Amino acid sequence: MKKTLSILFSLAALTSFGQNPAPAKPQTKAIALMGGVVHIGNGQVIPNGVVLFDKGVITNVVDGTTVRLNLNDVEVIDVSGKHVYPGFISPVSTVGLQETGAVRATVDKQEVGNLNPHIRALIAYNTDSEIIPTIRNNGVLFSQATPQGGTISGSSSVMMSDGWNWEDAVLKKDDGLWLNWPAYFSRDFNLEDFSTIVRKNERREAAIAALQATFADARAYAALTNPTPMNLKLEAMKGLFSGKQNLYIRANNGKDIIESVRFAKGAGVQKVVIVGGEDAHRAITFLKENNVPVILSEMHRLPAREDEDVDLPYRLPGLLQKAGILVGLSYADEWWRTRNLPFQAGTASGFGVADREEALKLVTSNTAKILGIDNLVGTLEKGKQATLFVSAGDALDMRTNVIEKVFIQGRKVDLDDRHKRLYRTYKDKYEQK
Amino acid sequence: MIKHFLTGLLTVSLAYGSLAQTTFPQNGVYDERPGLYAFTNATIVVDPQTTLQNATLLIRNGRIEAVGTNVSVPAGTVIADLKGKRIYPALIDIDSDYGMPEVTRGPGGGGRGAGAPQYESNKKGPYYWNQAIQPENEAGIIFKANAAKADELRKLGFGAVLVHPHDGIARGTGALVTLADDRENTLVLKPNATAHFSFSKGTSTQQYPNSMMGVVALLRQAMYDADWYKRAGSKEQANMSLDALNRIRSLPTIFEANDKLGIMRADKIGDEFGVQYIVRSTGDEYQMIDEVRKTGASLIVPLNFPQPYDVEDPWDADNVSLAELKHWEMAPSNAGRLAAANIPFAFTTAGLRNKTDFWPNLRKAIENGLPEQKALEALTTIPAKLIHAEDMLGSLQKGRVANFIITSGNLFSADNVIYESWTQGKQYIVTTKAPVDLRGSWALTIGDRSNLKLNITGKTPDKLDYQIVADTARITPKVAASGELISMQVQLNRRQPGTTRLTGYRTSPTEFKGDGEMPNGQIVQWSAVRTGDAPASTTATSTTATSSTSAMASTTATTPASSTATLLYPFVGMGNAQKPKAESVLIRNATVWTNEKDGVLSGADVLVTDGKISKVGKGLTAPAGVKEVDGTGKHLTNGIIDEHSHIALLSINEGGQSSSAEVRMSDVINPEDINIYRQLAGGVTASQLLHGSANSIGGQSALVKLKWGESPEGMLIKGADGFIKFALGENVKQSNYPNPNVLTRFPQSRMGVEQVYMDHFTRAKEYAKGWEVYNKLSAKEKATAMPPRRDIELDALAEILAAKRFITCHSYVQSEINMLLKVADSLGFKVNTFTHILEGYKLADKMAKHGVGGSSFADWWAYKMEVHDAIPYNAALMHRQGVVVSINSDDAEMARRLNQEAAKTVEYGGVSEEDAWKMVTLNPAKLLHLDTRLGSIRPGKDADLVLWNAHPLSIYARPEITMIEGATYFSLKDEDAKRDALHAERSRIIQKMLAAKASGASTVRPTFRRARMWHCEDIEGVMAEGEEEKAESK
């Protein structure tokens, strides 16, 4: 068995069945991870590195073959031959917002209404979700809790995968608003043969006009000093015009990408991110000229059209990255599959991203930059939070992704989860025979 | 009344009966006429092979009396001189809904979210249990003539049509009727001429069947029930439907298919019951013409060619697939290709957007390679022959019904004019024939203005253009010339505006005269006298209609691109111009994953000949002519086998009943699904195509190899064991339906699921016993014994009991898995495989004891309640208890990464890499009983091989070559060339389409149909969980 069960593991076995492990205790002593292959997350790698962190913050990252450190009062952990990574970031996520897809009572990802800028996803983020430990144990240590539905869905927040409650777990509150762009093509489901028919969306222009009015009102409202009456919806949009918040636009078609970005810039939005971007390769020049980053929808999808190259979804991150566009990967709302996010980066590397360190950026530093959390996380650099993990091998490949240690803000996290508990229970059953 | 070609008789088109006697009383004085007409000096096309010049056609009382060059015309005959004109047999359409009640579909039968589902027939009376089986309907009874619609068809040249109600799977009989205007008693030539079937359940609101394979099964069962009814059943019950099914067995039978695959599907049903169907096809037969020809079926072919797409915007145009572009280009060549392949066919006007498209489209077909003679056959002799009416219609021979048309010239010429349609000996004017040819130059005098010239021109004498030349001015008057009379309005003087109005009559073929009124009210006299031919330039075209000396050109002179355009196999952008062929190949110096005792060999060679692996070893020598592939640094493995797949299918669930053991997925294989190619690119070579999980007992699987470009039949693995899908849990008890209040289908709980099995297998046992007893009887005893009723559902279940069919059971929760094992043990059968089996780890010991395999997902969970306890360690735990474990996809996307999914069993639970690899190759082969032929690299096994660029369990691995039985179906290095060819072909056709649009063809917006991606969760009309949102966000 390659998933090494640490001491923490057997301790966890003593905890009552069916519960997540308790959040980890704050870091009390400096820790040095010695001799591992340190993947910085910015394209660099140190084959024999030392990662030193204290009070939840990285205090040094150095080449162990050339630099000597004073390790008095430091807990030294030998990770030679193993790999150290910054925690992976999963944007566009409903982890924590839904538990069991088919059970309505466990789903809190969408509010009624069309224009919901005031809706905040972090409120519903359930730190006790049993999904969270399972994604954490593959190296995904952050997820962006993201609302769905309507035209403006609400605001997202970046959450850590450990904490007693959402206030504890939040890394960045209300990082951006979510806009579902009225699509150029609409899709209709045909009951006769269960096919999908794509045609020009006749309601698009009216929908865009309504958005224009809302954004104009919001922009004007943002200039008021003491608005009375207070409008919660417009209040929630203020950050778009000051640059405090991103506007995440869900758009896939090439024309939707161009039109929506032009709309947002025209409306005075400071920071725009395209989410989805299935046809982003068509709009490369535009995206580059306008300096718009892209979070791609899940790569593990089929090409959008019959005649499209069979591997286009796999090659897309490479195509965009090569053109100099800032790209992040997501599992696009597929909460339980989020643990496979690292393997998407691996796939990107197998299909055209220059090398594995470049591919790694797709789930670390690139995403951190896009989400505006790169001052805190995304790379293993001095001054950043010590949210990182140790894997027995290459974490982008499921063959070697075996997570042995996880630190969130320097706190040692218990690696137990529901799946391991059930595994142990039934392994024991058969071994008793 | 217009006299037209008949001279010497004032009125001709009053009704008269062709019947010598009538059963109807007459209100007024009887008006029976001799009905004797002769058409002389005509070019008569007696049939497509025979044309007579200067011949006479004699008809009496609606029948042809004589035709020939030496016909003596008896006294009392009305004679029409047709010098320069032609006579053709009237055309026949044998797929018509003329005179049939309109088929209106109600709000479908209770899909998910709709009203309460209807499980039993709403049709009252002693009929079949299913509303879609209505062979008792008779077109001859419900037929009602419709003068306006008859006129529309006569104008196109048609004289008779075969009509039937287009509703249901068994639709009843068709009636052959003429398009004359008379009592139905006269019009119906043959009331029960044909029998009709289709793949559409039509207006039936009953739940079953709600899938294509269910349609096939229902029809097959009904046919077997009819056999039984004849032999024994009528003693037990009266059933008008089964009685009718037996009665119509001897009639020519027409099966309406919905696409080219339907032709093969229909023919297979016909073969089972010893019937050769005539198939109403859809115009795409050219795409699979070899397979179509092999069926031996005659076809009824529409002329509904696709419109060009609106492709100005290159991004929008991407939504139109190459297959759609090519079909637009090639559809007009369909008939020509059918003719060249010697497939007999008739044309129909059915399916045309407008009936008036008939002639332009038919001419387009001729321009695209269809010989005119074949076109005429397809509209006359062949349809007549197909419905056994060649003694009545289709040619102009003595004794036939007097259905013919009079034309200006060659029927197929663009400028041909159909003057008259004679239907059952009755005259119908199609184009009003001018009494004389007015074309020419006329000297016009109006009052004191005598220096005017009137030029009359036109392609035929019947459609004329008028122009007045006054000094140098050219004036276009408004003219109405009708028979002997003429009226004209003209603005003679531009300086004094006003209209001069003239009215007049013909005094001779060369003179008109009459009165007129000038703009100022002054009354004037006017006249026109013919002085000679009109200027040559405007009359030249008038002779082309009759310029061809032979009645028909035997071949077309030009061959446009559409008839030479290349096909693709399959007819999809990613299809191949040639079907891949097996080659002899030596793969050298690769890391070979044998799945045998030898394990993983490094630096090994594998020789492939005749589609098999012939040698495995080091330093093999390549026999002459063998292609060598360098495997250095690469990995060679078996092709991946997906135990649970729903790609390449037209339909997934027959959820209309709790058991649908009778349905066969082999009836709905779609060889054009692009996912076949995408999965080849992921190293998959064989799949079990499974029924869905909507009901406890699903349908029979199809085991296929992903032979991209082959027919459904060609994809099936020959000699494979039969399998069947079962399902447990939330889907079969309909837990996740949005409106639980309308659910009435048994079962709605796991308790009921057990009883479904107990009930069905108990019945199957009794059924098998019944046949066993009957089959043991002597011939003498059989003669008096009641034979059991053949039941194709119980047949499948009896096969399971006899270990001739094997179960793959969709399952999640341990309690229900345990239940099925107990049911199987108690009734004496085995479960072959549990699929999904996400709680298999909880009772892997019991599974091992029963000998059942587990085919699972690597890491799926959390999407519904019954996967709450699903863990990614499941495969490892089952594996260690001795269960044969495979990792499957159930998903078109994931199937192309099954190597990665197998690798997860290494991550979760520490399965060895070799064992992990077997979970997507050898183990599924074992579960499908194909491990003697597939699943390992050993001499003698099928050469279904994949050459990977890296360790096959690694995320960085991708197939460079995927081979099935020695033929290369995917080659990474050829992908660029394939892509370039695809783009070049797209551009070529798009340019052509732009030109077509510029020349005025109407276009359609590029809509874009994306075929359904199936998962076994999918129930009719329902999107899988989360799919709505995905669709919205795109």
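**A helix pair in chain B**

Author: Let's start with the chain as a whole: among contacts in chain B between residues at least 6 apart in sequence, 69% join residues at least 24 apart. Bear in mind that this is a predicted model. Chain B has 1034 residues, and 52% of them count as buried. Along the principal axes, its C-alpha atoms fill a box of roughly 115 × 70 × 55 Å. Inside that box sit 28 helices and 43 strands.

Now for the pair itself. Helix α18 of chain B covers residues 750-776, and helix α21 of chain B covers residues 814-827. Their axes come within 11 Å and cross at roughly 20 degrees. Angles under 35 degrees count as roughly parallel, and therefore α18(B) and α21(B) are described as roughly parallel to each other. As for handedness, their crossing is right-handed.

Who does the touching? From α18(B) come B:Arg750, B:Val753, B:Glu754, B:Tyr757, B:Met758 and B:Phe761. Facing them, α21(B) brings B:Ser815, B:Glu816, B:Met819, B:Leu820, B:Val823 and B:Leu827. Sorted by type, the residues of this contact come out as 8 nonpolar, 1 polar and 3 charged.

For another part of chain B, take helix α6, residues 260-272. Its buried residues are B:Lys260, B:Leu261, B:Gly262, B:Ile263, B:Met264, B:Arg265, B:Ala266, B:Asp267 and B:Gly270. The cover over the buried residues of α6(B) includes the helices α4 (212-231), α7 (289-295) and α17 (712-715) of chain B, along with the strands β10 (253-256) and β11 (278-280) of chain B. After α6(B) comes B:Gly274, with a positive phi near 65 degrees.

Chain B also has a partner: 60 of its residues are in contact with 56 residues of chain A. On the chain A side, at least two residues each come from β10 (185-189), β11 (196-200), α7 (254-266), α10 (341-350) and α13 (418-432). Of these, α13(A) gives the largest share, 6 residues. By type, the side of chain A that touches chain B splits into 21 nonpolar, 16 polar and 19 charged residues.

Back to your helix pair, then: α18(B) and α21(B) cross at roughly 20 degrees with axes that come within 11 Å, and the contact between them includes 8 nonpolar residues.

Key:
Residues numbered from 1 in each chain as written. Chains lettered and ligands numbered in written order. Predicted model: local features only at pLDDT ≥ 70, side-chain atom pairs only at ≥ 80, totals over all residues. Axes fitted to C-alpha atoms, helices over the stretch in contact; angles between N-to-C directions. Helix = DSSP H or I, 4+ residues; strand = E, 2+ residues; numbered from the N terminus. Parallel < 35°, antiparallel > 145°, perpendicular 65-115°, else oblique. Left-handed = near helix turned anticlockwise from the far one by under 90°. Contact = placed C-beta atoms within 7 Å. Nonpolar A, V, L, I, M, F, W, Y, C, P; charged D, E, K, R; others polar. Buried ≥ 20, exposed ≤ 12 C-beta atoms within 10 Å, placed from the backbone.
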